[in-house]
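Reader: I would like to learn how to read a helix crossing and a disulfide. Please take them in turn.

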Amino acid sequence: MLSVLWLLQFTFYSCLAQTCPDSSIVGCRGEETPQLDGQQARGAFTVAMNFQGHKNETAILNAWVAAVLAQVPPSTAVTSKIALLRYLSDLMMDEVIALTNDTSADVVAKARDLNFQCERIRQNTPMNVVDGMWANMFVPGAVPKPYTLIVDKIRFEEQGEGDLNKNHPYMWMRTAASVGYTFPPVESSDFAQRADFDDKAFWNAALSASVGRLPNWIPETLGMIAFLEMRSSAPCHKQIQHMKWHGLDFSYYQVHRSIDNPNDGHGAKILQAIDMYVSEAGSLEEEMDWVQRIYQGYHAFEFTIDAIDEAVEQRLPTGGCPEAGSIVADAQSLDHDKEQSSGAGQSNTERVIAITQGMERFIERHAFAYVFHKGVKKDIMRHPSRMVQYLRERCDLFLPGDIEATQFLRLFQHGGPMYGVGASDSDVALLRSFASLSQELCIKLNR
């Protein structure tokens, strides 16, 4: 239960909020633009995740949405449906065009280090565990309007189409677990009050979860979804390259790169839904009002996502990846033999840490295999770090010759004892990286 102090604090912020669909709502009567408060965001997130429909809960969520929207001034240029659609489309294509100018060298140069990637995963967790929740108010009832069906289809696909393995929050939690993070249940206050999350990590998460519980922010929510779906494919493509460079699980971003594409994916669909929605305006004044509200929702989502990037930078000096342990010694050994290239890239230490941790998590995920073994091997396979070390000592699996022809990778090919295990693109990349690293270490050992 939220404390009385929290409730009083939220009510105070409610009275300052400025941008609202209904002046009767708590948070829609003030005149000042409020400063966003971290505890307000964390509390609103917890309320949204445990929402029962009580009046005080609704007031808390409305207050947070209003406070965020109040950060975005209205547009003097985007005042009609045609102008809005052109504006949103142009911003989407600007992202795509900018991406086409990125070379492979640019991708490597912008990848940042492994600790940055880990911290980015951590601070993006609150937002990504509610992926798709922002559209819960579009679940149709009775005879739906066409735009509602479009948005609901987007929601259904984001939430996995009834398949847990396709559910985007579930996919994200697997990504977080793959670098060693564990979190309490998302709906618990322990999750929202974790000290390793920055306050700004909850600005967008609380916004997404709140509009997923409230029916009175439809235009703003359409704008929020527009930003997320129309501006994600290009950044996701870049993030995939960065995570590949570090040997990290990029499956979450790979799904979004394709499903949100601006040609016929969610990016195109949400634009179509907005066109249909605004076309239903009963007057020019109503059209202008809806356009402004969509515009503000769009940029409120942008503003809160940018805040996550700020959270990553603020937490990076004391954050980063979980402890790597003794595997650093392998990297230091290789560093003595191979000078780092002059271009931007990954140090041997970071590379060995990423690949080794990835293999340990891979072994842990597939630990069921040990039931078919006996004796020493069965015991080793129960301990991922010991299994990795055991494999490293089995140079016969990695030598000689071409990586693809090694005995280790043949175990996972058709007809091999591990066929069908590690078949995803990210797992295949990890196994190849591990084979390549192990071969380097074995070559050094056998000199």
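Author: A crossing is left-handed if the near helix is turned anticlockwise from the far one by less than a right angle, and right-handed if clockwise. Keep in mind that this is a predicted model.

Reader: Which hand has the crossing of α7 and α14?

Author: Helix α7 passes α14 in a left-handed crossing. Helix α7 covers residues 146-158 and α14 residues 266-279; they pack at about 155°, with axes 8 Å apart. Angles over 145 degrees count as roughly antiparallel, so α7 is roughly antiparallel to α14.

Reader: Which residues of α7 and α14 meet?

Author: From α7 they include Tyr147, Ile150, Val151 and Ile154, and from α14 they include Ile270, Ala273 and Met276. By class, the contact has nine nonpolar, two polar and three charged residues.

Reader: How many disulfides does the structure hold?

Author: There are two, where a disulfide is a pair of cysteine sulfur atoms within 2.5 Å. In one, the sulfur atoms of Cys118 and Cys321 are 2.0 Å apart. This pair links distant parts of the chain, 203 residues apart: Cys118 lies in helix α6, and Cys321 in the loop between α15 and α16. Cys118 and Cys321 are buried.

Reader: Which cysteine does the other disulfide join to Cys395?

Author: Cys395 is joined to Cys442, at 2.2 Å from S to S. Cys395 is in the loop between α19 and α20, Cys442 in helix α21, 47 residues apart.

Reader: Why is the disulfide of Cys395 and Cys442 left-handed?

Author: Its torsion about the S-S bond is about -90°, so the disulfide of Cys395 and Cys442 is left-handed. The link of Cys118 and Cys321, with 85°, is right-handed.

Methods
Residues are numbered from 1 along each chain as its sequence is written. This is a predicted model: local features need pLDDT of at least 70, side-chain atom pairs count only at pLDDT 80 or more; totals for chains, interfaces and linings use all residues. Side-chain values use heavy atoms; hydrogens and water are left out. Axes are lines fitted to C-alpha atoms, for helices over the stretch in contact, and angles run from 0 to 180 degrees between N-to-C directions. Helices (H or I, at least four residues) and strands (E, at least two) are DSSP runs, numbered from the N terminus. Angles under 35 degrees count as roughly parallel, over 145 as roughly antiparallel, 65 to 115 as roughly perpendicular and the rest as oblique. Contact means heavy atoms within 4.5 Å. Ala, Val, Leu, Ile, Met, Phe, Trp, Tyr, Cys and Pro count as nonpolar, Asp, Glu, Lys and Arg as charged, and the others, Gly among them, as polar. Buried means under 20% relative accessible area, exposed over 50%, partly exposed in between (1.4 Å probe, protein chains only).
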